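Q: I would like to learn how to read a model of this kind, feature by feature. Could we begin with how its parts are marked off and then turn to the places where they meet?

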Amino acid sequence: MGTFIVRRILIAMSVALTISIVSFMLLHLSGDLATSIAGPEATAEQVEQIRTDYGLDRPIVNQYLDWLGGALTFDFGRSYYYQSTVVDLIVDRMPITLTLGGLALALAISISIPLGVLAALKRDTWIDRLALLFAVVGQAMPSFWFGLTLIVVFAVTLQWLPAAGSDGWQHFVLPAIALGYYATPAMMRLTRTGMLEVLESDYIRTARAKGLRTGSVIFKHALRNAIIPVVALAAVELGFMLGGSVVIESVFSLNGLGQLAWDAISRNDYPVVQAVVLIIALFYIVLTLLADVANAALDPRIRTR
Amino acid sequence: MTTSSVSPTASSASTPGTGLGEIPLQPPAWSRVTRRLFGHRGLAIGLIVVGLAILIAIFAPLLAPHDPYHQDIANRMVPPVWHDKGSWEHVLGTDKLGRDTLSRLLFGTRISLTIGLVVALISGVIGTTLGVLAGYFGGRVDAVISYVITTRLAMPVVLVALALASLTGGSLTTVIVLLGLLLWDRFAVVSRSVTQQMRDAEYVYAARTLGCSLPYILLREVLPNIAGSLIVVMTLEMAHAILLEATLSFLGMGVQPPLPSWGLMVAEGKAYMFFQPWVIAIPGIALFVLVLAINLLGDGLRDLNAPGGRN
């Protein structure tokens, strides 16, 4: 188990490093940053001025190494737009995105797992079909449009909840529903297939043959095994949701990391863009690492692979 | 396909009054049959809707009642025909510039389908090449390619695509190229695992013994046998790409005005959604229906492709 964890951590660290290189290079090579920052009306001299001021005239490898050196000590430089450091901006906005992601995941788990179990137990009945329909609709729903529809229905027409802002818990309800529904279909389907597989296995037959109560068989024996891959998926989905929160935050005007990234992108504030991309990727990497380790702890067969 | 055998009431009619529930976890045989039919019905619906969308895209100039770019300031925000103030002149109403919504919607089909198809082709070539090589050779090649896949999966697609689209100046072409270069992961993961399973198959072994060249083995022996799985991934990635394009365009970094991208239509209607909710409802529903149909098609194909799925 020890070597397994060490190996996984080393891989995770090198993936993080690769991401930092790739995102840095992509941003610097897919366009001329100095021209973008200067704007369409700038003269050639102004562009050159910005290029030297921001150090964009130096070799790209030097620029990257400088940036990486800072990033390792959580110094991502200063925002071009705001009068503050990138780290301050991120620390300021992070709680909102984490709250949103956490709530959305909690919602997705509390709907998808019971629904998946129910669909597996009531296989091929109307309950199963309804659950499938719920998943199919969720997969096809554009999340920005679902968010806008929630605003029109619950904030404007019924006036139950606020449409925008991030002052109280009420502000997180609709965004969490919009984001959580996105993660629900995959987790529900995986719970359902997992339960169906497990319920046909020998140890469930043994448990039944021993005369254990149905509830005990389903929850203590079946669900505990079926849920192992769902744990891993939940971690991955949380990573995706943090990345996808840029869309939901923009729809609901939630002032989190996603909104920060979107503002930074439209204002050519590249130090912020780079930092947010790296932070979101780091969250994903750490989450998948934790899921791997948790999986290996729950299922010893994985460790030897 | 086998749509002719699907009676519209097949799955619903046989649900009630079963009376065969002694072993609840082991579905009786008839139930498996209805399940099959239900799967096929999804496939049939998907095929019909996607087929219609393709026809609409091809014949958009003939079907559209108006020029999708023609602005008519005197007729701004006309409501759809079912509304009190609607008229048959503009069946789905007009937008803030007085452009006919139905015509824009019909032409928008071209954008969504082009995006879906071309992105799935580009990412399919990249992902399948990586996946087949990793699966066939195993060992170090597999380790390197798996690392590349892991790295790609850790990149936040929406954020990276937004940032790059903004830098390169969003347009239909840049969106296609960007998404094509980003969305190959599922192709790679699936083709890798399927190729691994057939690396030691007898026909591959036979081809190797006969001295067939490597490209011949990969293209003529391996590729045809993973094609079924690839087509399923392809439909799912088409749906994924269409949704992402709409999202990028909605956020203003994708397809640019005046092109009638459905995501852009939602963005343009956003300011009016409180009092004229149809301006966002109509393009949103179009997007939902197309993506749903492509997903149903993919799910149906997966059922057919699954072992034992044909009976």
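A: Domain bounds here come from an automatic or database domain assignment. The model is a predicted one, and for chain A the assignment gives domain 1 (2–72) and domain 2 (86–303). The C-alpha centres of domain 1 of chain A and domain 2 of chain A lie 31 Å apart.

Q: How many residues does the contact take from domain 1 of chain A and from domain 2 of chain A?

A: Domain 1 of chain A puts 16 residues into the contact, and domain 2 of chain A puts in 14 residues. On the side of domain 1 of chain A that touches domain 2 of chain A, the elements giving two or more residues are α1 and α2 (33–38) of chain A, and the largest share, twelve residues, comes from α1(A). By class, that side of domain 1 of chain A consists of twelve nonpolar, three polar and one charged residues.

Q: What is the angle at which helix α5 and helix α8 of chain A pack, and how are their axes placed?

A: Two packed helices are described by the angle between their axes and the distance between the axes. In this model, helix α5 (residues 86–121) of chain A packs against helix α8 (residues 170–199) of chain A at an angle of about 35°, with the axes 5 Å apart. The crossing in which α5(A) passes α8(A) is right-handed, and the residues of the contact of α5(A) with α8(A) comprise 23 nonpolar, six polar and one charged.

Q: Which elements of chain A give two or more residues to the side that touches chain B?

A: The contact as a whole takes 40 residues from chain A and 38 residues from chain B. On the side of chain A that touches chain B, two or more residues come from each of α1 (2–29), α6 (126–140), α7 (143–157), α10 (214–252), α11 (257–266) and α12 (270–298) of chain A. The largest share of that side, seven residues, is given by α12(A), and by class the side has 27 nonpolar, eleven polar and two charged residues.

Q: What does the secondary structure of chain B come to?

A: Chain B has twelve helices and zero strands. Of its 311 residues, 45% count as buried, and among the contacts in chain B with a separation of 6 or more, 71% are between residues 24 or more positions apart.

Q: Which residues touch the most other members of the largest nonpolar core?

A: In soluble globular proteins, nonpolar side chains tend to be buried together. Here the largest nonpolar core has 163 residues, and those touching the most other members are A:A261, A:V276, B:L159, B:A161, B:L162 and B:L179. With 17 residues, α10(A) gives the most to this core. The core lies between domain 1 (2–72) and domain 2 (86–303) of chain A, because both give residues to it. Leaving aside residues up to four places away in sequence, B:L159 touches A:G243, A:V246, A:A261, A:V276, A:V277 and A:I280.

Q: Is B:V291 buried or exposed?

A: A residue is buried if 20 or more other C-beta atoms lie within 10 Å of its own. B:V291 has 22 other C-beta atoms within 10 Å, and therefore it is buried. B:V291 is found in helix α12 (residues 278–305) of chain B, and, not counting residues up to four places away in sequence, B:V291 touches A:A140, B:A239, B:I242 and B:L243. The C-alpha atoms of B:V291 and B:L236, which are 55 residues apart along the chain, are separated by 9.0 Å.

How values were computed:
Residues numbered from 1 in each chain as written. Chains lettered and ligands numbered in written order. Predicted model: local features only at pLDDT ≥ 70, side-chain atom pairs only at ≥ 80, totals over all residues. Contact = placed C-beta atoms within 7 Å. Helix = DSSP H or I, 4+ residues; strand = E, 2+ residues; numbered from the N terminus. Nonpolar A, V, L, I, M, F, W, Y, C, P; charged D, E, K, R; others polar. Buried ≥ 20, exposed ≤ 12 C-beta atoms within 10 Å, placed from the backbone. Axes fitted to C-alpha atoms, helices over the stretch in contact; angles between N-to-C directions. Left-handed = near helix turned anticlockwise from the far one by under 90°. Core = buried A, V, L, I, M, F, W, Y, C linked by C-beta atoms within 7 Å.
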